[in-house]
Amino acid sequence: MTGVAVLAAWLIGAGTSGAVGPATAAQPRAEAAAPQSAQDLAGGCEDRTAAPSPNESGPKVRQIKQRGTLIVGVDQNSYHWGYRNPQTGRIEGFDIDLARAVAKAILGDPDKVTFRTVPTAKRIEAIKTGQVDLIARTMTITCERWQDVAFSAPYFASGQRLVVPRAAKVTNLEQGLKGKRACVADQSSSQALLKQNPYGTADVKVVENQLDCLVLMQLGQVDATLTDTALAAAQAAQDPTVEQAGGQIAFAHMGIAMKKEDTDLVARVNQVLVDYRANGGWRASYDHWLAASMGADPADYLR
Amino acid sequence: MLAFGTLAAWQATGRARAADQVVSHSQPLSQNAAEIYRSLADADATAASAFLLAGDAPQAVRDRYRADLDTAARLLAEAAARTGSSSDAQQWVATLNRQLPQYAGLVETAGADNRQGLPLGGAYLRYASKQMQESMLPAAERLAAVEAAQLDGDYADAGAFPWAALVLGGLTLAALIRCQVLLLRRTNRVFSPGLLGATAAVLAAVLWLATGSLSARSDLTDSREHGAVPLRTLDQARIEALQSHTAENMDLVARGASDTYAARWAALTGALAGPLAGDGGSRTGGGNLALARAGAPGEADAALARALDLFTTWDGRHQAAAKSNEQGDYDAALRTTVGASDDSAEGVFTALDQQLARAATAEQTAFTRSAKGTDGVLDAVAAGAAVLAVLAAVGVIRGLGRRLAEYR
């Protein structure tokens, strides 16, 4: 029980030390130019979330229970995070396991989930219009997004990383971007980051999905892709001729996004996250999906 | 008089050549360009079907994709050989020749990635489809537009009324009559059989030229209104149906990575069969399918009536698939869209496309039938006018010769 309490304290306490919390944690791995961007993007808004609670009497949770299925906005194109396995026809990945854990907690069955695919640029809209109960889709917690939606406590420490062809022999981020043609997904944190600091890029190509960047990179139409750390690893896992280059910048956290009014659901999901870490679910899912591409030791991602 | 004959023959021959050009050259080229566009659009739709079915793709789907690429390549070679080297058409043919192998390569890569279970495959196919939609199909469309403009030009040339020859004919006639009136006054001889014959010959030539041209013109107008124009509307409808099918398949390929395909489906089917009614299920009517049917000859009409029914079924399938996808049942959406049964959207679309092809064949036959006689008529006009003019000249020489002899 003490373990759970400590984890809960960590989870919710991630931002209690104020805006500098996550940014300071990022310092050892972040590059020189990063802290300012990191603050602007993550900005310590992680602590705005509701305290974890197993209470299920709130209106939103009751509505989900009555419906008998949890509607989750996911991606079908993020390898190892949320993707459709063509062999089995099932949507699988780390984010999917997480969504099933929430369904299991609230509805008693990990299969009582309706997965609805949502394009990157439509994530906020899908929540605001109530098309989905929550979104588990490698979504970075930012202060800007907090204006429109509510986030759970962080479930994965992330940031931005550069992916480049191995042949380019890039050793750091500045070298990989200066004078180069970069690619980012529309409405992504990476796009926001390059808007703040273009790093001397010659051109920034904006596409619908970060995978489109890998296609363009393979075809030689762009030189580098800036994307979430998690997705950068997924790209490298799909194409052995590209690699992640330089360190992580714009340190941030991924969270489950929900409607602002659904505070009862946010609190319930936060409780699920506490339990998910405590019962080894998080680690098992990491080992299954991510260890091969992101490293055997998940310590960096648990910050 | 001989000048009139020459001009009449020359103008009528020129029109006959233009009419022949319509039937043997510009219309087939224009139809070829439409066929190139159709093969490319079909390749795009079929590539998406094959991708969605992955390992389960039946041989027929793969064969259809290959056949589309082969047809496009063959027709491009034909178009390159038959259009002039300075023509705008060559530029678009070259663009398409360059991009066709690139496209095929992208589709292969997409399939290979997909078979390994990598989501990257879907991104590749979307890229390939984008190249098709945003670069290749517009080039094919420009090619078709160049050929259609050529066809319109030939129609105008063939149908132009031979005014110069007719005016000259009228002047000749007036001169002949004046000549006879003068002779009447001077010699008091009432009629010269030669001059009278010449007048009759010129009058006949003018009437022959006028009625022949008018008749050829009405044949051409007929072939255009009942052949070329409905065929163009039908081609348009066929393309819209195909492109709708592509959009519907690509929406599933994108797996939610993009919502552009759903919007494209709505726009294309709206043009094809009218926008959705307020209830979100039925169509308000109108659209190119109905338009193609309105101008269709008898044989094509039956095929188009069937096509309209099939569209309603297809529309229903599509809405069912979209609903499944919306509810998160991607596999059900996949089955409803590209499943092997004839009931799937794919099956219904294929039947619809066959009906449209049937209608197109019927209309092509009707066109050739009505346009074919035209160049013959115009050739006869030219020959007739020339013969009559020569007869008239002979008559004048004989008539005037006799009078002149009387003076000696």
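Let's start with chain A: 14 helices and 13 strands. Keep in mind that this is a predicted model. Of the 303 residues in chain A, 52% count as buried. Now the contacts. Take those in chain A between residues at least 6 apart in sequence: 74% of them join residues at least 24 apart.

Next, the domains. Chain A is divided into two. Domain 1 is built from 2-31, 46-157 and 253-302. Domain 2 covers 160-251. Where they touch, domain 1 of chain A gives 20 residues and domain 2 of chain A gives 22 residues. Which elements of chain A give two or more residues to the domain 1 side? Helix 2 (20-26), strand 2 and helix 14 (291-294).

Strand 2 brings me to a sheet. Two bridges join them. In strand 3, A:Gly82 is the bridge partner of A:Ser78.

Now over to chain B. How many residues does each chain put into the contact between A and B? Chain A supplies 24 residues, and chain B supplies 19 residues. On the chain A side, three elements each supply at least two residues: strand 3 (82-84), strand 5 (113-117) and helix 10 (210-218). So strand 3 of chain A turns up again, because it is one of the elements with at least two residues on this side. The chain A side divides into nine nonpolar, nine polar and six charged residues.

Last stop, one residue in chain B. B:Leu207 is found in helix 6 of chain B, residues 193-254. Buried or exposed? In between: B:Leu207 has 13 other C-beta atoms within 10 Å, so B:Leu207 counts as partly exposed. The cut-off for exposed is 12 or fewer. Now find B:Asn325. B:Leu207 and B:Asn325 are 118 residues apart along the chain. Their C-alpha atoms are separated by 70 Å.

That's my tour. Over to you.

Technical notes: Residues are numbered from 1 along each chain as its sequence is written. Chains are lettered from A and ligands numbered from 1 in the order in which they are written. This is a predicted model: local features need pLDDT of at least 70, side-chain atom pairs count only at pLDDT 80 or more; totals for chains, interfaces and linings use all residues. Two residues are in contact if their C-beta atoms, placed from the backbone, lie within 7 Å. Helices (H or I, at least four residues) and strands (E, at least two) are DSSP runs, numbered from the N terminus. Ala, Val, Leu, Ile, Met, Phe, Trp, Tyr, Cys and Pro count as nonpolar, Asp, Glu, Lys and Arg as charged, and the others, Gly among them, as polar. A residue is buried if 20 or more other C-beta atoms lie within 10 Å of its own, exposed if 12 or fewer, and partly exposed in between; C-beta atoms are placed from the backbone. Two strands pair if DSSP finds at least two bridges between them. Domain bounds come from an automatic or database domain assignment.
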